2 protein chains.
Amino acid sequence: MNSARPAVLVVEDDPHLAAGVAENLRAEGYPVATCGDGEQALAWLGGHACALIVLDVMLPGMDGFAVCHALRSQGNNTPVLFLTARGDPADRVRGLEAGGDDYLAKPFHLQEFLLRVRAILRRWDWYRNASATAATAVLRFGGNEVDFRAFRARAWNGEAQELTEKEAMILKVLAEHAGEIVSREDLLERVWGYDVFPSTRTVDNFILRLRKRFEQDPANPRHFLTVWGVGYRFLSEGAP
Amino acid sequence: MNSARPAVLVVEDDPHLAAGVAENLRAEGYPVATCGDGEQALAWLGGHACALIVLDVMLPGMDGFAVCHALRSQGNNTPVLFLTARGDPADRVRGLEAGGDDYLAKPFHLQEFLLRVRAILRRWDWYRNASATAATAVLRFGGNEVDFRAFRARAWNGEAQELTEKEAMILKVLAEHAGEIVSREDLLERVWGYDVFPSTRTVDNFILRLRKRFEQDPANPRHFLTVWGVGYRFLSEGAP
DNA sequence: TCGCGCCGTGACCATTCGGTGACATTCGGC
DNA sequence: GCCGAATGTCACCGAATGGTCACGGCGCGA
């Protein structure tokens with residue numbers, strides 16, 4: 001994908017709704033493709049990659065759950081946002097079980113739809129960073145070297161580190177704002193998403209883990225600095 | 001709107017809070033309008049455009065969710081930042097699903113509030129290809145250099161300084177009014193915000209700390225001047 | 001099914017900040 | 001020059017915040 005922004009595939013049999021959704025996604029700057037049924041969608045996905053699939057549940061032929069299932073069993077992990085006519089909670093569970101990432105009942109508010117799209121892409125964007133900036137795929141600071149694509153790092157002392165997903169995401173957000181203050185709330189929203197609510201102490205814990213991994217003296221951090229009462233600040237150069 | 005910077009509408013029934021928020025937004029350089037309830041807000045928005053709506057959830061008459069809902073159904077996509085008394089996570093979701101863009105629980109830190117406003121407007125600017133510069137991020141005076149984004153400074157003697165939140169904010173307010181007299185009450189209002197009332201002696205203390213950090217001779221200040229019986233005045237050039 | 005690893009939380013303790021009061025000092029008016 | 005009031009300065013205390021650890025739950029893979 002050579003586009004600066006990730007592409008979205010909309011699978012929806014109602015042409016009017018499909019057009020409206022596509023329109024709004026384009027307005028957000030995403031390239032959009034549309035399909036009218038599940039078979040077409042699977043065929044398209046056989047030849048294209050995309051960043052998000054917006055998938056109606058009620059489709060002619062294969063339903064959305066089946067499409068998602070088929071994708072997942074092919075090893076395709078593209079995030080899926082289900083749309084459904086009913087608001088039945090059981091459907092939500094079915095959707096999530098089928099491997100979907102989020103679920104929205106029709107009729108939905110456009111704003112809410114876009115919000116969820118943004119949330120999902122924010123969550124997944126960084127996974128497929130290969131297509132984003134290559135520069136941020138590898139981070140170097142204070143003798144440490146982190147490869148975000150593999151969640152792998154080599155610490156300053158040569159020790160190999162396997163980062164967990166959350167550790168990597170937090171580090172990434174901090175590094176993207178190197179030198180700036182990032183509040184715990186910002187971190188929570190960027191890493192966990194807008195609708196998940198761990199306590200802010202959880203953030204502290206991950207900072208602690210990052211310090212243990214990458215600071216020469218975790219008690220006197222030079223890269224992961226605390227900004228009292230506000231949040232944290234990452235410095236790649238190292239504090240004096 | 002003839003101003004180069006986008007306007008902000010504050011919808012808040014507590015006049016004191018409204019004044020504090022408005023004051024701080026103006027200090028950031030945004031034109032600000034305020035409304036005391038939802039009906040007024042909708043009426044105002046019928047005739048004006050703005051870049052951001054800061055919307056209290058608990059309002060007399062229509063609550064904030066309803067206001068936001070009404071706006072969205074009119075096709076108005078102006079970003080909304082909700083303020084609420086409760087920190088209930090469910091409220092956050094409600095706010096976001098009502099079409100809000102962000103959400104802040106009272107009592108909030110001014111710093112956090114401003115961070116979020118900036119974040120939202122950055123997004124807004126982005127979509128409109130505008131290039132509004134954020135408020136001055138770096139301040140230089142008398143050989144000192146202060147980075148407000150990081151609460152960090154290098155003093156005239158080369159010494160690195162880590163400012164606290166309050167120190168940074170006081171310095172920022174003073175610097176924004178360089179050459180003008182700023183009363184202690186002004187500083188309290190702008191730095192401490194809407195629901196805290198320390199004595200004016202507290203302000204003196206912070207002036208003292210700033211002098212120690214940045215004046216070559218703290219006892220004979222050239223930048224942080226006392227205006228007897230009124231307040232303080234900051235000079236970036238240095239007094240004779 | 002069992003273990004293992006990740007992650008979220010609560011508890012406990014150390015640290016920091018901020019606000020105040022006391023005292024010294026300076027200022028301005030008389 | 002004197003006096004009252006405002007400010008400079010310092011040290012202290014309480015509260016809020018962060019550091020750190022250990023535990024429990026959950027999901028995943030063997």
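Reply: By class, the surface near DNA strand D holds ten nonpolar, six polar and six charged residues. A residue is near a molecule or strand if its C-beta atom, placed from the backbone, lies within 6 Å of it. This is a predicted model, in which local features need pLDDT of at least 70 and side-chain atom pairs count only at pLDDT 80 or more, while totals for chains, interfaces and linings use all residues. Residues are numbered from 1 along each chain as its sequence is written, and chains are lettered from A and ligands numbered from 1 in the order in which they are written.

Of the 22 residues around DNA strand D, those that come nearest are Ala219(A), Thr226(A), Asp204(B), Ala219(B) and Thr226(B). The elements giving two or more residues to this surface are α8 of chain A and α8 of chain B. Elements are DSSP runs numbered from the N terminus, with helices (H or I) of at least four residues and strands (E) of at least two.

Around DNA strand C there are 22 residues, and Thr164(A), Pro198(A), Thr164(B), Lys166(B) and Ser199(B) come nearest. Here two or more residues come from each of α6 (165-176) and α8 (200-214) of chain A, and from each of α6 (165-176) and α8 (200-214) of chain B. The surface near DNA strand C has six nonpolar, eight polar and eight charged residues.

Thr226(A), listed above for DNA strand D, stands opposite Tyr232(A) in β12(A). Four bridges join β11 (residues 224-227) of chain A to β12 (residues 231-234) of chain A, and the two run antiparallel. Strands count as paired if DSSP finds at least two bridges between them. β11(A) and β12(A) form a hairpin with three residues between them, and Gly229(A) in the turn has a positive phi of about 80°.

In chain B, three strands form an open antiparallel sheet in the order β10-β12-β11. Its edge strands, β10 (181-183) and β11 (224-227) of chain B, each pair on one side only. Three bridges join β10(B) to β12 (residues 231-234) of chain B, again antiparallel, and Ser183(B) stands opposite Gly231(B) in β12(B).

Key
Nonpolar A, V, L, I, M, F, W, Y, C, P; charged D, E, K, R; others polar.
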